[in-house]
Each structure stands twice: as C-alpha cells, then as structure tokens.
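I opened my notebook to look up a few features of this model.

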Amino acid sequence: DLGKYDQLTKLLRDPTSALARQSSRGNQNRAALTWQEPVFGQDGPSFKPTFKLSVPGPGYASKRVPAWTDRILFRSMDVRPMRYDAVQQDQILDPPRNITDHNPVYGLFEVVCIKVNKGALHSHVRDLVHGTPSGHKLDK
C-alpha cells in the first residue's frame, strides 16, 4: 500500500509535523538533522511490503492491504546507510512458508565514531553541572 508509505514520507518531509519539530527542538543548528528512512530512491523501500503476510503462507493475508509497517528511522549526520532490506521468509525457509505475519526489516549503516577519554568527559560534565572549569561556583 503506497498510501501508507506516502503518509510516513510526508511526515518526515513536512517541517510543521510533530516528527520534524521533535527533530529540531531546542536547537536551530539541528533543524537539518531530521528523521530519515534509509530509502535509496523516491519510490519507497526496494523490498516488498512487510505486512500482513499469510501464515503459514506463502503470500499476503487476503483481509489486509499489504503495507510497509516495519521501518527503520535514523537521525544523525555521522551515519551513512549502506543497505536497507527485508528478509523474505518464504524465500529462505525450506519448505517455503511464513512463520510470522511480518517480514523482518534490517539496515546496515556506516557510523563515524570518535574515541572519548571518559575521565576528561566526566570532568567536563562535572564542571558544567557544578561550576566553571576554574572551580568557581556559578551564581544561581
């Protein structure tokens, strides 16, 4: 059901939506840091809808419109999606069948990390919470 996919896409791209407002709350510099789905193209995920599968299958349940209900969202400038896909149960199980009504979704991401000196971090946090770096208490 592309309608369900389009609803989430509209929320992610609409700066007035609650999802977008939550992404940028309290920091104008973070306004560009919005929730994203690791979709490689404009037509939605490259995998088939993940819900509602017929159990034991194969195929979809006849009483529901197939939809992408299982999604991965991320929010970081230090993450690059490498792969976004779903496990097609009926293609990996022998004999072919569905053991649940959802196909699991997974993502592979490249993440930029930095090494942090825990002692220095704790010291900086303590200074911010309890006073200035010189040890003087802040006026309340």
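**Entry 1: E110 and R80.** I am working from a predicted model. I began with the surface of E110. I found E110 partly exposed, with a relative accessible area of 39%. Next I looked for its partner. E110 forms a salt bridge with R80, and their closest N and O atoms are 3.4 Å apart. This pair links distant parts of the chain: E110 sits in strand 2 (residues 105-111) and R80 in strand 1, 30 residues apart. R80 is partly exposed, at a relative accessible area of 44%.

**Entry 2: counting the bridges.** How many salt bridges does the structure hold? I noted four.

**Entry 3: R71 and E37.** I looked up another of these pairs. R71 forms a salt bridge with E37, with 2.6 Å between the closest N and O atoms. Both R71 and E37 lie in the loop between helix 2 (18-24) and strand 1 (79-86), yet they are 34 residues apart. Is E37 buried or exposed? E37 counts as buried because its relative accessibility is 12%, under the 20% cut-off.

**Entry 4: D85.** I then moved to D85, which is found in strand 1. The side chains of D85 and R83 meet in a salt bridge, 3.1 Å from N to O. I compared the surfaces of the two partners. D85 has a relative accessible area of 19%, so D85 is buried. R83 is partly exposed, with 43%. Which residues does D85 touch, not counting those up to four places away in sequence? I listed F47, P104, V105 and Y106.

**Entry 5: A86 and the core.** Leaving aside neighbours within four places in sequence, A86 is in contact with F47, T50, P104, V105 and Y106. A86 also belongs to the largest nonpolar core. That core has six residues: V39, F47, W68, I72, Y84 and A86. In soluble globular proteins, nonpolar side chains tend to be buried together.

**Entry 6: helix 4.** Last, I checked the length of helix 4. Helix 4 covers residues 118-130, 13 residues in all. From its first C-alpha to its last it reaches 18 Å, close to the 18 Å expected at 1.5 Å a residue. What happens at the start of helix 4? There, a side-chain oxygen of N117 reaches to within 2.9 Å of the backbone nitrogen of G119.

Notes
Residues numbered from 1 in each chain as written. Predicted model: local features only at pLDDT ≥ 70, side-chain atom pairs only at ≥ 80, totals over all residues. Heavy atoms only, no water. Helix = DSSP H or I, 4+ residues; strand = E, 2+ residues; numbered from the N terminus. Expected span 1.5 Å × (residues − 1). Polar contact = N/O pair within 3.5 Å; in protein donor to acceptor, adjacent residues only side chain to side chain. Buried < 20%, exposed > 50% of the residue type's maximum accessible area, 1.4 Å probe, protein only. Core = buried A, V, L, I, M, F, W, Y, C linked by side-chain atoms within 4.5 Å. Contact = heavy atoms within 4.5 Å.
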